[in-house]
Amino acid sequence: CTTIRGGIRVEGRGYNANRIADIDFYGPGAGLEVTAPVKVSGCSFQGYETAVATQNCDWVELYDCRLTDNTVGLSLAAQMGKNRAEQCRFAGNDTAILLPGGNPVAQVEIINCVLEQNGVNLDNQGGFALSLTDTAVS
């Protein structure tokens, strides 16, 4: 597994996905800043202000990721398409998942995830519909 201290930025347009896999990210700042479609799998994010921050991209998918001890685990700002977190663990974050107000999110699916010991599990400031399937929240 590769380790990154600091963060990276994925930029671009279009519908084809960038892929990021099997990286351990350690803060501070922003772990993964995304403005292009991305599939992230098998990664961990720890100690960030925002672990995964999206802005104006078509979609983002997280699979089998661990987001722990961050101020915000996942922030979906101005997302357009289908966004998904599947088999992910959000633990010890101040806010696990943030949907900022004024956010035109098309769809957010949280599937088979664990949200535990976060200050706030889901902060849906925009009041958007969420699909929670087989997800443990404590």
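## Salt bridges across the chain

A salt bridge here is a side-chain nitrogen of Lys or Arg within 4 Å of a carboxyl oxygen of Asp or Glu. With that in hand, let's look around this predicted model. Arg 66 and Asp 24 form such a salt bridge, their closest N and O atoms being 3.8 Å apart. Arg 66 sits in strand β10 (residues 66–68) and Asp 24 in strand β4, so this pair ties together parts that are 42 residues apart in sequence.

Another of them brings together the side chains of Arg 9 and Glu 33, at 3.5 Å from N to O. Because Arg 9 belongs to strand β2 (residues 8–10) and Glu 33 to strand β5, this pair links parts that are 24 residues apart in sequence. Arg 9 is partly exposed, with a relative accessible area of 46%, and Glu 33 is also partly exposed, at 31%. Arg 84 and Glu 86 meet in a salt bridge too, with 3.3 Å between N and O. Salt bridges with shared partners join Arg 9, Glu 11 and Glu 33 into one network.

## The nonpolar core

The largest nonpolar core holds 32 residues, and the members that touch the most others are Ile 20, Val 40, Phe 45 and Phe 90. Strand β14 gives the largest share, three residues.

Beyond residues up to four places away in sequence, Val 40 touches Ile 20, Leu 32, Phe 45, Glu 61, Leu 62, Tyr 63 and Cys 65.

## A buried glutamate

One of those neighbours of Val 40 is Glu 61, a residue of strand β9. Glu 61 is buried but has no salt bridge.

Glu 61 does have a polar partner, though: a polar contact of 2.8 Å joins its side chain to that of Tyr 63. Setting aside neighbours within four places in sequence, Glu 61 is in contact with Val 38, Lys 39, Val 40 and Arg 84.

## Val 72 in strand β11

Val 72 is found in strand β11 and counts as buried, at 11% relative accessibility. The C-alpha atoms of Val 72 and Thr 50 are separated by 4.7 Å, while the two residues are 22 apart along the chain. Apart from neighbours within four places in sequence, the contacts of Val 72 are Tyr 48, Glu 49, Thr 50, Ala 51, Thr 95 and Leu 98.

## Cysteines without disulfides

How many disulfides does the whole structure have? A search finds zero. For Cys 65, the nearest cysteine sulfur belongs to Cys 88 and is 4.7 Å away. A disulfide calls for sulfur atoms within 2.5 Å, and Cys 65 is in none. Cys 65 is buried, with a relative accessible area of 1%.

Cys 88 is likewise in no disulfide, and its nearest cysteine sulfur, that of Cys 113, is 4.6 Å away. At 3% relative accessibility, Cys 88 counts as buried.

Definitions and conventions. Residues are numbered from 1 along each chain as its sequence is written. This is a predicted model: local features need pLDDT of at least 70, side-chain atom pairs count only at pLDDT 80 or more; totals for chains, interfaces and linings use all residues. Side-chain values use heavy atoms; hydrogens and water are left out. A nonpolar core is a set of buried Ala, Val, Leu, Ile, Met, Phe, Trp, Tyr and Cys residues joined through side-chain atoms within 4.5 Å. Buried means under 20% relative accessible area, exposed over 50%, partly exposed in between (1.4 Å probe, protein chains only). Helices (H or I, at least four residues) and strands (E, at least two) are DSSP runs, numbered from the N terminus. Contact means heavy atoms within 4.5 Å. Lys and Arg count as positive and Asp and Glu as negative; His and the chain ends are not counted. A polar contact is a pair of N or O atoms within 3.5 Å; within protein, one must be able to donate a hydrogen and the other to accept it, and residues adjacent in sequence count only if both atoms are side-chain atoms.
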